[in-house]
Amino acid sequence: MIKHVPFTGNEKQSLHASLDRHRDAVLWKLDELDDDALRRSMTPSGTNLLSLVKHLATVEYGWFCTTFGRETEPFWFDPFTEDMLVTTNETTNQIVEFYGRARAAADATIAELDLDDLGTAWNGNEVSLRWVLIHMLEDTARHAGHMDIVRELLDGTTGDHPQT
């Protein structure tokens, strides 16, 4: 089911729905590809679909949980230097499930806080939940766009959701 931003939703509902729409597009980009394709670098920088999912999970935990003093799961990698690197020891399921847990933790923060509630970002800046939602919406949409290109290069699939 394709999610849409509500036409008459309040600000928080609208921002969250838009973020969810892009999150779902990220996962859809993985559908029906084998592990080799998910890990195949299609750009000179080494970007692949699975590394983008790992990165997005890491930053969801960072921005929504760490910023607001909430727990995150222990990472098995350095989130500052290895969030875009998928090793042969990491499985596709491990990365996808990591993203699912990060989304759930972020969603709990979104549900429990008001848009004007403040937290402290990794760089020391004080930020509101509103700012974090906008930032993560931008970051997720940006990386979903990267995934569009990588997926098209892999097998010609385009779009932001399945064509029905």
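**Salt bridges and burial**

Modeller: Arg39 counts as partly exposed, with 21% relative accessibility. The model is a predicted one.

Biologist: Why is Arg39 called partly exposed rather than buried?

Modeller: Buried means under 20% relative accessible area and exposed means over 50%. Arg39 has 21%, so the label is partly exposed. Asp35, at 36%, is also partly exposed.

Biologist: What makes Arg39 and Asp35 a salt bridge?

Modeller: Their side chains meet at 2.8 Å, N to O, and the cut-off is 4 Å, so the pair qualifies. Both lie in helix H2, four residues apart, which puts about one helical turn between them.

Biologist: Which parts does the salt bridge of Lys29 and Asp148 tie together?

Modeller: The N to O distance is 2.9 Å, within 4 Å, so this is a salt bridge. Lys29 is in the loop between H1 and helix H2, and Asp148 is in helix H5, so the pair ties together parts 119 residues apart in sequence.

Biologist: How do you know that Lys29 is buried?

Modeller: Its relative accessibility is 1%, and buried means under 20%, so Lys29 is buried. Asp148, at 29%, is partly exposed.

Biologist: What about Asp24 and Arg103?

Modeller: Their closest N and O atoms are 3.1 Å apart, so they meet the 4 Å rule. Asp24 is in helix H1 and Arg103 in helix H4, so the bridge joins parts 79 residues apart in sequence. Arg103 is buried at 10%, while Asp24 is partly exposed at 26%.

Biologist: Which residues are linked with them in a network?

Modeller: Asp20, Arg23, Glu60 and Asp107 belong to that network of salt bridges along with Asp24 and Arg103.

How values were computed
Residues are numbered from 1 along each chain as its sequence is written. This is a predicted model: local features need pLDDT of at least 70, side-chain atom pairs count only at pLDDT 80 or more; totals for chains, interfaces and linings use all residues. Side-chain values use heavy atoms; hydrogens and water are left out. Helices (H or I, at least four residues) and strands (E, at least two) are DSSP runs, numbered from the N terminus. Buried means under 20% relative accessible area, exposed over 50%, partly exposed in between (1.4 Å probe, protein chains only).
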